[in-house]
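Welcome, and please have a look at the model below.

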Amino acid sequence: MKSWRFHGTGRPLTLDEVEVPHAGPGEVVVDIKAAGLCHSDVGALDDAQWMASFPRIPMTLGHENAGLISEVGPGMEDWKVGDRVGLAPVMPDGDAIGYGAWDGGYGPKVRATGANLVRLPSELSFEMGAMATDAGITSYHAMVTVGGLKKGMRVGVIGLGGLGYIGARVAVLKGAEVYAADIDPSTREHAAEIGLAGVAESITEFADKDLPLIVDFAGFGTTTAQAVETLATSGTLVQVGLGRLQATVNTQAIVFKQLRILGSLSGTQQDLAELYDLMRSGELNPPINRLAPDRIPEGLERLRKGGVVGRLIALYED
């Protein structure tokens with residue numbers, strides 16, 4: 001089969017012939033129906049600091065996946081051929097599908113384990129299922145599991161791209177009062193459909209809202225610094241975005257306001273299952289931009305340039 005292979009930072013993806021995977025003990029093979037494109041893949045292509053996440057190259061990228069089980073290995077009796085699944089990307093050993101030792105969904109088939117598999121409800125499309133496996137659970141995990149979101153809480157969200165849109169909408173659906181910031185005017189136009197209480201170019205414009213929680217889905221250094229300045233006393237910053245890998249922040253504000261700064265990475269199977277339940281209502285329906293798998297490099301270039309609202313999803317034909 002042909003898959004888009006990563007050969008290291010500074011080198012383009014190449015469409016290469018690779019062996020078809022087969023299920024070993026404790027594994028299944030999933031025929032990919034939808035694969036999401038993520039800005040972290042752009043980071044791997046552009047920034048050598050990401051290379052620590054790839055102990056072997058070449059490998060197939062793509063860590064947002066949903067599809068149908070096509071082969072079941074020994075010890076996986078809870079699953080059968082034809083089951084619809086989303087693939088939670090993080091595994092207990094630190095590897096992940098599309099990172100580490102496991103090839104991802106920029107190819108038509110992947111191996112997966114019980115640590116990955118979450119049943120995809122019939123009400124959800126494969127593209128929605130794929131979007132949820134990274135952009136979805138990353139947003140949900142940061143906002144709910146790490147951030148401790150509660151009904152009635154005032155929340156700040158920085159960045160309204162793929163992750164921020166979902167994180168802000170999850171917060172609204174769970175009863176929070178949400179204020180968001182994004183430098184791109186086109187993303188701010190989605191304030192009404194998300195249900196935002198306010199939207200601005202910078203989160204500092206909501207300093208008077210006494211926000212106890214801000215989630216930074218952008219992570220461009222200045223955004224992290226602005227979150228520290230804006231948080232209420234004893235507030236919490238959850239850092240998700242890695243637009244820049246360093247930030248300079250006001251340590252006096254951290255100390256005097258007794259702030260907490262927490263990192264949040266990906267999510268869990270439980271996060272994904274809870275998110276799928278939330279999505280079944282139809283009220284969490286982020287924009288999806290569909291493309292053919294042979295255009296994955298073009299899609300990554302769109303992410304590199306910025307301004308993509310929602311998620312780019314490659315759809316594999318039956």
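## Before you start

This is a predicted model, in which local features need pLDDT of at least 70 and side-chain atom pairs count only at pLDDT 80 or more, while totals for chains, interfaces and linings use all residues. Residues are numbered from 1 along each chain as its sequence is written, and side-chain values use heavy atoms, with hydrogens and water left out.

## Two nonpolar cores

A nonpolar core here is a set of buried Ala, Val, Leu, Ile, Met, Phe, Trp, Tyr and Cys residues joined through side-chain atoms within 4.5 Å. Buried means under 20% relative accessible area, exposed over 50%, and partly exposed in between (1.4 Å probe, protein chains only). The largest core holds 48 residues, and Met-143, Val-157, Leu-275 and Met-279 have the most contacts inside it. Among the elements giving it two or more residues are α2 (126–146), β9 (154–158), β12 (213–216) and α8 (269–279); helices (H or I, at least four residues) and strands (E, at least two) are DSSP runs, numbered from the N terminus. The biggest giver is α2, with 11 residues.

Leaving aside residues up to four places away in sequence, Leu-275 touches Ala-132, Gly-136, Ile-137, Tyr-140, Val-170 and Leu-284 (contact means heavy atoms within 4.5 Å). A second, separate core has 21 residues, including Trp-4, Trp-50, Leu-61 and Leu-303.

## A strand covered on both faces

In β12, Leu-213 and Val-215 are buried on one side, and Ile-214 and Asp-216 are buried on the other. Two strands pair if DSSP finds at least two bridges between them. β12 pairs with β9 in the parallel sense over 4 bridges, and Asp-216 is the bridge partner of Ile-158. β12 also pairs in the parallel sense with β13 (236–239), over 4 bridges; there, Val-238 is the bridge partner of Val-215.

## The second largest pocket

About 190 Å³ of space lies in this pocket. Of its 14 lining residues, Met-1, Glu-19, Pro-21, Asp-103 and Lys-109 are the closest to its centre. A pocket is an open set of points on a 1 Å grid over the protein atoms alone, where a 1.4 Å probe fits, with protein on both sides within 12 Å along at least five of seven lines; lining residues have an atom within 4 Å of a point. Grid points are joined across faces, edges and corners, and the volume is the space filled by probe spheres set on them.

## A loop residue

Ala-292 sits in the loop between β15 (288–291) and α9 (296–305). Ala-292 is partly exposed, because its relative accessible area is 32%.
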